[in-house]
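Let's take a walk through a protein model together.

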Amino acid sequence: MIDPRVEWQPMVCPLCRDAGAVRLISFDPDISTVAVPEGTRSLNMVRCRTCSLVYLDSAPTPDTMAWFYKSEAYFGQDAATGYTDYDIQKDTLGLTFARFLGTLHQRTGCAGSLADIGCGSGLLLDQARPWFSLRVGSDMGARAASLSTGVCDCAVTGGPREILSAGYKEFDVVTAVAVLEHVYDPLLFIQECASLVKPGGYMAVVVPDFGGLWRKAMGRHWASFKIPEHLTCWERLTLTHLGDRAGINTLGFFSYDHCFPLSVILDRLGIKISGQGKVGGYRVWLPRVMMTVIYSRPGPAQEET
Ligand SMILES: [Zn+2]
């Protein structure tokens, strides 16, 4: 039975609003993590004819997804082990964020103040201490944002607007890891994030790499086809186009390597072992799991011209 709160809608291109698109991949509706309307034959990833963005051609309404993200079901718990994904992956996620922030610092020299949009339980903000004396986060999940208090200076429920409302105006760096692909209006989201960046400051956005080697190797079985949570798939071209439209500069890209416990990788292959055991907890780095785009907000001299 379909949950009465679940409603779906057809999608036009989330970036340019054009409806013309070419079908790339069709998925069986059974893979959807949210109940689909009766009679749905397939869910399709399509490419916009105008701006080339790859997006899902029908999706639950924003209200439906807001309800889904706040539900306990979203914080997956393994019935066999009793551990949540978060418990099992906390250490390796911390290592992943530390490597990401270290690379970002190497590339840009950035330091000072940081806002992390979609901060979850605050692991990235916690790992940012070596470089950032002021650390603020936001997350759509009320529970996650409250957990962050204690690892950062402030955590709010919501997004960039709620950080502004909390009295924080400008940051040296804004990060958004694994958020952009979830939002219904990517341009508005990037503009709101950019409004938190000091002139001359940086924004680092991490997304699954649709043009990368894992997608090419895995095809339709690519782990980042999370339907319908991931509404869009990004490549260098469309990320650059997004920056242009938002009035920010695209400085460059770097690969986002991800550390996983061995148990999580084996689980994906259908092999169950305890994530907390010695073997299951063995750390494995997978390269290029996602990619980072570095944007910069033009400095005061550039903004005047
Ligand atoms: Zn488009």
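Helices and strands here are DSSP runs, numbered from the N terminus: a helix is a run of H or I with at least four residues, and a strand is a run of E with at least two. Residues are numbered from 1 along each chain as its sequence is written. This is a predicted model, so local features need pLDDT of at least 70 and side-chain atom pairs count only at pLDDT 80 or more, while totals for chains, interfaces and linings use all residues.

Let's begin with a sheet. Two strands pair if DSSP finds at least two bridges between them. In which order do the 4 strands of the open sheet come? The order is β2-β3-β4-β11, and the pairing is antiparallel. The edge strands are β2 and β11 (232-233), and each of these pairs on one side only.

Now cross the sheet strand by strand. Strand β2 (residues 21-27) meets strand β3 (residues 43-48) in the antiparallel sense, over 6 bridges. To find this pairing, look for Ala 21, whose bridge partner in β3 is Cys 48. Next, 3 bridges join β3 to strand β4 (residues 54-56), and these two also run antiparallel. Here Arg 47 has Val 54 in β4 as its bridge partner. The hairpin of β3 and β4 has 5 residues between the strands, and in this hairpin Ser 52 takes a positive phi near 75°. Finally, β4 and β11 run antiparallel and are joined by 2 bridges. Val 54 turns up again at this step, with Cys 233 as its bridge partner in β11.

On the way to β11 there is another detail to find. Pro 228 lies in the loop between α7 (213-218) and β11. The peptide bond that joins Ile 227 and Pro 228 is cis, with omega of about 10°.

Ala 178 is not a glycine, yet its phi is positive, about 60°. You will find Ala 178 in the loop between β9 (171-177) and α6 (186-194). Arg 288, also a residue other than glycine, has a positive phi near 55°, and its place is in strand β13 (residues 283-296).

Ala 178 has 17 other C-beta atoms within 10 Å, so Ala 178 is partly exposed. Arg 288 has 14 within 10 Å, so Arg 288 is partly exposed as well.

Technical notes. A residue is buried if 20 or more other C-beta atoms lie within 10 Å of its own, exposed if 12 or fewer, and partly exposed in between; C-beta atoms are placed from the backbone.
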